[in-house]
Amino acid sequence: MAPRHILSPQSRAALFDPPTAPAAIVRHYTFSADDLSLIRQRRRAANRLGFAVHLAYLRFPGRVLGSDEAPPVEMLAFVASQIECDAADFASYARRSETRWEHIGELQSYLDVRPFRRDDTRAVVRIALEQANGTDRGDAIVSAMIEHLRDKRVLLPAIATMEKIALAARAIARKRAHKIWPKDCIQIGSPRWRRCLR
């Protein structure tokens with residue numbers, strides 16, 4: 001069975017991908033003096049650029065760059081220009097997977113963020129349910145989940161994980177909205193009234 005989606009491809013890109021509009025790139029990816037100092041500690045140009053791209057992704061949209069994922073051309077060019085590298089250097093970055101994970105670990109400490117854990121699921125489900133009670137739109141439900149995780153300084157999990165939680169929350173909200181109430185539940189003050197509202 002094909003996986004179900006709550007987001008359109010356009011919504012998925014808007015929520016989980018780096019921006020490509022020039023103004024948004026400048027707003028999200030202009031490095032501070034401290035950022036540049038940390039980036040320049042890498043010896044090779046490819047490692048400086050890869051490290052900088054990871055920093056950019058972890059900051060916004062707030063997730064790890066996939067091992068086979070290429071950053072948008074416009075964003076990569078802007079990042080490379082700040083650290084005086086050639087954008088083409090990214091192609092030779094992190095031939096060793098250990099280098100990539102060392103960089104991600106160092107940046108998580110620098111940014112004071114952490115990966116999504118199993119115990120984060122309960123809080124995200126609650127947020128998704130609250131949002132799904134007021135809207136059927138998948139992008140609104142997932143946006144609320146993302147906002148909560150960013151507030152808690154938690155990195156976004158895989159898109160599939162977020163969609164699965166949002167789909168379940170929407171299904172529960174729909175079930176509640178279309179629930180057939182027993183006759184004595186409708187009568188305010190009846191013995192079962194309070195239990196029916198739970």
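## Burial of T99

A residue counts as buried when its relative accessible area is under 20%. In this predicted model, T99 has a relative accessibility of 11% and is therefore classed as buried. T99 belongs to helix α6, which covers residues 97–111. Apart from neighbours within four places in sequence, T99 has contacts with N47 and Y93.

## Overall architecture

The chain contains eleven helices and zero strands. Read from the N terminus, its elements follow the order α-α-α-α-α-α-α-α-α-α-α.

Of the 198 residues in the chain, 43% are buried.

## Packing of helices α8 and α9

Helix α8 spans residues 138–151 and helix α9 spans residues 159–177; the two pack with their axes 10 Å apart, at an angle of about 120°. Because of this angle, α8 is oblique to α9. The crossing of the two helices, α8 and α9, is right-handed.

On the α8 side, the contact is formed by G138, I141, V142, M145, I146 and L149, which meet M162, I165, A166 and R170 of α9. By residue class, this contact of α8 with α9 consists of eight nonpolar residues, one polar residue and one charged residue.

Methods: Residues numbered from 1 in each chain as written. Predicted model: local features only at pLDDT ≥ 70, side-chain atom pairs only at ≥ 80, totals over all residues. Heavy atoms only, no water. Helix = DSSP H or I, 4+ residues; strand = E, 2+ residues; numbered from the N terminus. Buried < 20%, exposed > 50% of the residue type's maximum accessible area, 1.4 Å probe, protein only. Contact = heavy atoms within 4.5 Å. Axes fitted to C-alpha atoms, helices over the stretch in contact; angles between N-to-C directions. Parallel < 35°, antiparallel > 145°, perpendicular 65-115°, else oblique. Left-handed = near helix turned anticlockwise from the far one by under 90°. Nonpolar A, V, L, I, M, F, W, Y, C, P; charged D, E, K, R; others polar.
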